[in-house]
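Work through the exercises below with the structure in view. Each task is followed by a solution in steps.

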Amino acid sequence: MAKLNFGGVEENVVTREEFPLSKAQDVLKDEIVAVIGYGVQGPGQSLNLKDNGINVIVGQRQPSKSWDKAVADGFVPGETLFSIEEALERGTIICNLLSDAAQIALWPTIKKYLTPGKSLYFSHGFGVTYKEKTGIIPPADVDVFLVAPKGSGTSLRRLFVEGKGLNSSFAIEQDATGKAKDKVIAMGIAVGSGYLFETTFYKEVSSDLTGERGTLMGAIQGLFQAQYEVLRANGHTPSEAFNETVEEATQSLYPLIAENGMDWMYANCSTTAQRGALDWKDEFHKATKPVFEKLYKSVIDGKEAQRSIDVNSQPDYREKLEVELKELYDSEMWQAGRTVRGLRPENK
């Protein structure tokens, strides 16, 4: 494990150079990785594991759309695709990739199959961190660890196919066998991580809940919407407002940030744009930092976790969620977005 130094702050990381795929394959050669759940992270991680030569099986309810998707992705019923119970029975590393709400509902079933020496793998620290709320308390005689890719399963798979990698965090909650460290790093490499950085279950979930509600999703939608509405209210067309608010950001500027950083993106814009950014960044910082402080407090106080459990555990939560998402889908800004995306040369 290497140490990176960030201005005096040291951090433990693992790269593909020091822990190559061949080593991961050796560590996992006698394991049967059972992926439970084929929704957001399940497909990407399962397919990457499979393509990397790991013995992976999928456990899913039948009939279901997820079962059908697993079949379409190449998993064979009775060979690499089983009922949840049979996959749990066969697996030595149980990858619990169900939604947080589904993890709570299925925990009594999963726990029955966690015999001594098995490993329990997560990609989110939610269930274990908030065990008082979820009831997810693993037996003491199994390894418990996580690998959390910093992006969606779709992105994880896409980057893997392109020969790239999505960075991931890893954490060990229990090391019952004395082999948890090698196994978690091997799993991280095998699912397609670019590099791995060390964290804890608590820090993973608190940063993740903050990021999703903040700059990754919630804050972005709020900022986009605010600027779009101001431009539209002042006579700009939907096309102009969307291009200046979203299209230029996602198609031009954000990729430059990803490539070489914010300073490099600034340097590749006009001096007028640079001047405006430097003059206004502090205003936005001052306006939004209190919101992020409020958000983070809500996360560490457990309010965001409880909200998620309460809402997502309702029997009709999917129907209610679809109604809320439809409001975004039907908004003028995202209607404009669909039109603009359709005009890109590659989409014609």
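**Exercise 1: helices on the sheet**

Helix α5 (residues 100-112) lies across β3, β6 and β7 (119-122), and its direction is at about 170° to that of β7. Contact means heavy atoms within 4.5 Å. Axes are lines fitted to C-alpha atoms, for helices over the stretch in contact, and angles run from 0 to 180 degrees between N-to-C directions. Helices (H or I, at least four residues) and strands (E, at least two) are DSSP runs, numbered from the N terminus.

The model is predicted: local features need pLDDT of at least 70, side-chain atom pairs count only at pLDDT 80 or more, and totals for chains, interfaces and linings use all residues. Residues are numbered from 1 along each chain as its sequence is written, and side-chain values use heavy atoms, with hydrogens and water left out.

Task: state which strands helix α9 touches.

Solution. Helix α9 (residues 180-190) packs on the sheet against β2 (9-15), β3, β6, β7, β8 (143-149), β9 (166-174) and β10 (193-198). Its direction makes about 25° with that of β8.

**Exercise 2: the sheet**

Task: give the strand order, then follow the pairing around β8.

Solution. Step 1: ten strands form an open sheet of mixed pairing, ordered β1-β2-β10-β9-β8-β7-β6-β3-β4-β5. Two strands pair if DSSP finds at least two bridges between them.

Step 1: β7 and β8 run parallel and are joined by four bridges; S119 has D143 as its bridge partner in β8.

Step 2: β8 and β9 run antiparallel, with six bridges between them. Here V144 stands opposite Q174 in β9.

Step 3: is β8 buried or exposed? Seven of its seven residues are buried (under 20% relative accessible area; exposed is over 50%, partly exposed in between, with a 1.4 Å probe and protein chains only). D143, F145, V147 and P149 are on one side, and V144, L146 and A148 on the other.

**Exercise 3: helix α8**

Task: locate the buried face of α8 (residues 153-161).

Solution. Step 1: the buried residues are G153, L156 and F160. Step 2: seen down the axis of α8, they fall within an arc of 60°, so they line one face of the helix; the arc is that of the directions from the helix axis to the C-beta atoms. Step 3: their cover includes α2 (42-51), β8 and β9. Step 4: the face turned away from the buried side carries exposed T154 and V161.
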